[in-house]
Amino acid sequence: MSSGPIMIDIEGYTLTPADRSFLCNALIGGVILFARNYKSPEQLTQLINEIHDLRDPRLLVAVDHEGGRIQRFINDFTRIPPMRYLGHYYDKDKNDACFLTERIGWITGSELRAVGVDLCFSPCVDIDRNLNDVIGDRAFHLSPKIIRDLAASFCKGLKKAGMASIAKHFPGHGGVSIDSHHALPLDNRSITKLMDDIYPYEALNKQRAIAGIMMSHVLYPKIDSLPAGFSSIWIEDYLRSNIGFDGAIFSDDLNMKAAAGFGSLQERAKIALTAGCDMILICNNRSAAKLVVKSIDKNLNPFSMARLAKLYGAGNVSRKKLLGDSEWIKSTKYLRDWLIKSGYTI
């Protein structure tokens with residue numbers, strides 16, 4: 001059974017019979033986990049094993065685990081600082097900031113891989129213009145070149161841990177004040193004015209540092225009348241043709257309020273897939289997700305399937321082995337010492 005273009009969530013610590021049935025639908029390709037799905041590393045490992053055992057090829061298991069306030073698994077995981085802390089450190093010591101960021105990427109990826117997670121939706125490469133609270137300290141810096149350097153380091157660490165990197169939120173969520181979870185942000189800048197926001201994606205793509213990109217639910221009316229995640233101009237013309245990006249493209253959650261004005265969830269799903277998204281996210285609305293599955297084309301895009309197949313996690317180190325590994329011990333100590341030295345608490 002091939003993996004389809006829809007990623008959904010589940011409610012609790014274990015799979016229900018309804019979960020199992022729905023996850024076996026050929027159009028479902030992945031599961032995104034949240035804090036509500038985490039009780040302990042042992043419970044999480046068992047849950048992910050259950051999900052992986054449902055299908056062959058297995059479903060992708062993903063999580064938002066950027067650090068700071070966007071870290072879904074807390075207890076018994078290393079606390080990862082907000083990326084803004086690393087941007088501030090870069091201003092003082094460029095080389096060590098990049099080294100530390102790579103270590104943080106490796107810690108993040110290693111701990112997630114040790115419980116079976118395939119994919120982390122990170123890094124966030126939005127520009128820190130101090131305009132948008134929903135981005136805020138999730139962003140590395142105001143400088144696109146510093147974002148490039150730190151994001152590349154983070155991606156390098158994730159890759160060493162066996163995990164692909166998914167940069168977000170293209171082409172940039174840092175130029176608006178509205179939170180797209182609650183309303184549709186409008187960014188009235190021209191394409192020329194947006195080049196700083198786009199630069200990190202171009203640079204990371206040239207370095208082959210990222211395997212995927214998540215689109216933003218932001219409307220750029222001088223470029224298209226549809227938000228970026230629904231726009232073939234942004235996805236096919238700009239990302240695919242201009243930048244030459246050949247990795248996987250994800251929508252942001254289609255259940256967010258910013259997307260609500262563009263039809264039912266079934267209509268949003270069709271628009272996003274037609275525009276060029278390889279995988280769409282539908283979270284916290286199982287009834288709508290079922291309607292979407294009934295409504296979209298059952299013929300899977302072979303190019304999308306090939307791109308998504310490259311995102312499975314690599315390596316199979318147990319959590320017990322990881323916690324005894326000298327690199328993990330040294331890396332986590334390095335991070336703790338730096339936090340103490342810098343006066344940061346998380």
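The model is predicted.

**Neighbours of E8**

Strand E7 (residues 164-170) runs parallel to E8, and four bridges join them. Phe170 stands opposite Met215 of E8. Strand E9 (residues 248-253) also pairs with E8 in the parallel sense, over three bridges. Here Met214 has Phe250 of E9 as its bridge partner.

| Strand paired with E8 | Sense | Bridges |
|---|---|---|
| E7 (residues 164-170) | parallel | four |
| E9 (residues 248-253) | parallel | three |

**Crossovers**

Helix H6 (residues 195-206) belongs to a β-α-β unit with E7 and E8, and this unit is right-handed. From E8 the chain goes on through helix H7 (residues 232-243) to E9. That β-α-β crossover is right-handed.

**Glu102**

Another part of the model holds Glu102. This residue lies in helix H4 (residues 94-115). Is Glu102 buried or exposed? Its relative accessible area is 12%, under the 20% cut-off, so Glu102 counts as buried. Which residues does Glu102 contact, leaving aside neighbours within four places in sequence? They are Ser153, Phe154, Lys156, Gly157 and Lys160.

Notes. Residues are numbered from 1 along each chain as its sequence is written. This is a predicted model: local features need pLDDT of at least 70, side-chain atom pairs count only at pLDDT 80 or more; totals for chains, interfaces and linings use all residues. Side-chain values use heavy atoms; hydrogens and water are left out. Helices (H or I, at least four residues) and strands (E, at least two) are DSSP runs, numbered from the N terminus. Buried means under 20% relative accessible area, exposed over 50%, partly exposed in between (1.4 Å probe, protein chains only). Contact means heavy atoms within 4.5 Å. Two strands pair if DSSP finds at least two bridges between them. A crossover is right-handed if, with the strands pointing away from the viewer, the path from the first strand over the helix to the second runs clockwise.
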